[in-house]
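Good morning, and thank you for coming.

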Amino acid sequence: MATYVTEQSTTAIGVLFPTLAIILLGIRTYGLFRHYSRRDIGIDDVLIVPAAFLTVTSGVAMAIGAQMHIIGGHSLDGSWGPEDNVKLGKFEYAFWMGHILAIGFIKLTLLFFFRGLFKGRAERTAFDYSNWTLIALVILWTVLFLFLEIFACGLRPESGWESFESLRTKCMDTFGMLTGCSVFSWVLDLAIFIEPLIMIRTLNMSLKRKVQASIVFLFSGFAVIAGLLRMIPWIQIYMQDVRNPTIRILADDLPVTDQEDTVTSNVIPMRKHIVPSSEHRSSVVKPVYRRTADVNHPANLTNVHDVYYIVDIVVGNQTLAVSVDTGSSDTWFVSDYFECVRFWWQGPEYKPNCGLADGFTGNLSGGVLDNPPFVRSYMDTTFVSGYYGFEDVTVGSITAKNQRVGVVNYTFWAGDGLTSGLLGLGYPFMTSLDGAEQNQAPYDPVFTTMWKNKLIDPLFSIALSRESGDQGEPDGEVRTPEGSYLALGGLPPVEVDEESWARTKIHGVDAIPEWMFEQSDLGLYIIKPDSWVYGRESENATPAEADQGAVTTHGLTTNTTQFPVLIDVGATLSLLPKGLVQKLYAAFDPPAKYLSTNGLFFALCNATIPKFGVNIGENTFYFAPEDLLRQTARDPSGEYCRIGVTDVNGGPYVLGVSFLSSVVAVFDIENTEMRFASRTKY
């Protein structure tokens, strides 16, 4: 993309302004010593020296910086690395300090020069007051913005160049600061430009001489124009969405790096646990509620929950393995002693096995809450019960101090045998939903505490791996495959198709009718995809009879019916409307069939797999064939493999692991939106 911002133009500016400064300083010095005695040297004659020196220094720095490829170019050609960010950050830090001082000295030089021309011998004139006021404002501007530039990152200026993430999370809003600096500077330029033009009217001169003098001072209007051109780009940058691929500066569109979603250093690899087929449990582990006037009922939803993504968290000084869950908000874990119970439909001969690992031992450093108790009922009829307490919780390298957590001592659960609880990443609203007889005030979960304390940006992202899909691959193993990450405050270090980024709004809990919420609070990550695509693609396909709201082209049908879905890393399968999913089942060759022994739809493991995708914005995100027909989840005969999408008669609908394994999903709290990008093949 061709622009006027190049290394050559930056170098030219870096040479031009020092040259002009040296010429003007020479003229000023020549005139001073030719026409005045030394006792006539004024304050402006002194101030012009540092003004010229700093102008020359800034210009030389620009020229050298451009020749060293630090400034004047763009970072979208793939050659820009972390070390270049460090160089740029250090350069900007030093340059802006010198730049602010240079402009301050130039303004003061002009104002004291005006005092020598217009003050006369009278005291306390209108000019005297206005001139001293401008001098005071210039000094204030210089000191204020020099201080803000020096301490924009507190006592650690290196936070400004360590990474984009540290710049955003550990420093003040530098765009806002420099925008304010440029606006304030331009207002002062305008006042300094107007002051001599007004004073010329009061001089005892002929009209012709006044006009001639005014023309001389009108040339300073170029400085006002330059200040305006300097101010406008900062305002444009500040007001535009810097996540767009281009940003308009003056009359030019410039490419930008998406600094809103940069790879974060707060990346936690997730271990993947696939429960053996013989131990599959029909359950999903997350709270979703349907509220009536006096009671919260779990919504009717089942799902095979046999894939777990696990991270270690440190609670106090104890490390616990927990499942990552975007479909709930609480962080909880079992205590060292807990009671595992059976449910009413399990006979007395059933021996309870909650599948939970060793729990937390000892006491919480922040104490416990006597009331309310910690109670959560989940939609697969599982529940946990215990108490709330306070303890430091560390995820990766980020610690939520004195965090409220749930400690479970009584439960009916369906765990994987390796985890001790859940790390809930939902909104605080979900923490207010409790048992049938109590609703409590919401509290800030772990992730919310972290971003509110400015430890991270208010977003996280998920990249899930899948197993290879080879028929002979054993399950029941814990794997740390490439590309399974929870990233706090930015993106995980995985490759994506940069052209595929799409964004969509996060909706409130009232978007799901089955929950019967009247309020629109944000609770979970609910989106409304634009459409759904399914079928077997073929150039010669005859358009089939399409359902209402659907269009079929080249064998692929696009269904434009919109409905809310949850984005849920805790759900192995994706659960979608029966009418849509039945079309997908029929598109397998041979068609998929229901196996009553498993309670789900299966297809022959060597069946032809159709395409199935979700349209978000202008992009379609297709399920990978290995996620649509999972080779490692087979029926007892070994001939049929489980389909990664199941049908339900009503919401809430879910896009689970079978979808998320093909994308990077960004959960952006600040902008109330989700962003997706297709992962490259891995």
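In this predicted model, the count of aromatic pairs comes to 33. A pair of aromatic rings is described by two things, the distance of the centres and the angle of the planes.

Let us begin with Phe333 and Phe360. Their ring centres are 5.6 Å apart, and because their planes meet at 45°, the pair is tilted. Which parts of the chain does this pair link? Phe333 belongs to strand S9, residues 331–340, while Phe360 lies in the loop between S9 and strand S10, residues 374–377. Are they buried or exposed? Phe333 has a relative accessible area of 0% and is buried. Phe360, at 5% relative accessibility, also counts as buried.

The second example is Phe447 with Phe460. Here the centres lie 5.0 Å apart and the planes stand at 80°, so this pair is edge-to-face. Phe447 is in helix H10, residues 446–452, and Phe460 is in strand S14, residues 459–463; the pair thus ties together parts that are 13 residues apart in sequence. Both Phe447 and Phe460 are buried.

Ring pairs can also join into a cluster, as they do for Trp532, Phe563, Phe612, Phe621, Phe623, Tyr653, Phe659 and Phe676.

Finally, I turn to charges over rings. The charged end of Lys107 sits over the ring of Trp141, 5.8 Å from the ring's centre. Arg404 lies over the face of Tyr388, at 4.0 Å from the ring centre. Thank you for your attention.

Conventions. Residues numbered from 1 in each chain as written. Predicted model: local features only at pLDDT ≥ 70, side-chain atom pairs only at ≥ 80, totals over all residues. Heavy atoms only, no water. Phe/Tyr/Trp six-rings, centres within 6.5 Å; stacked < 30°, edge-to-face > 60°. Helix = DSSP H or I, 4+ residues; strand = E, 2+ residues; numbered from the N terminus. Buried < 20%, exposed > 50% of the residue type's maximum accessible area, 1.4 Å probe, protein only. Lys NZ or Arg CZ within 6 Å of the ring centre and 35° of its normal.
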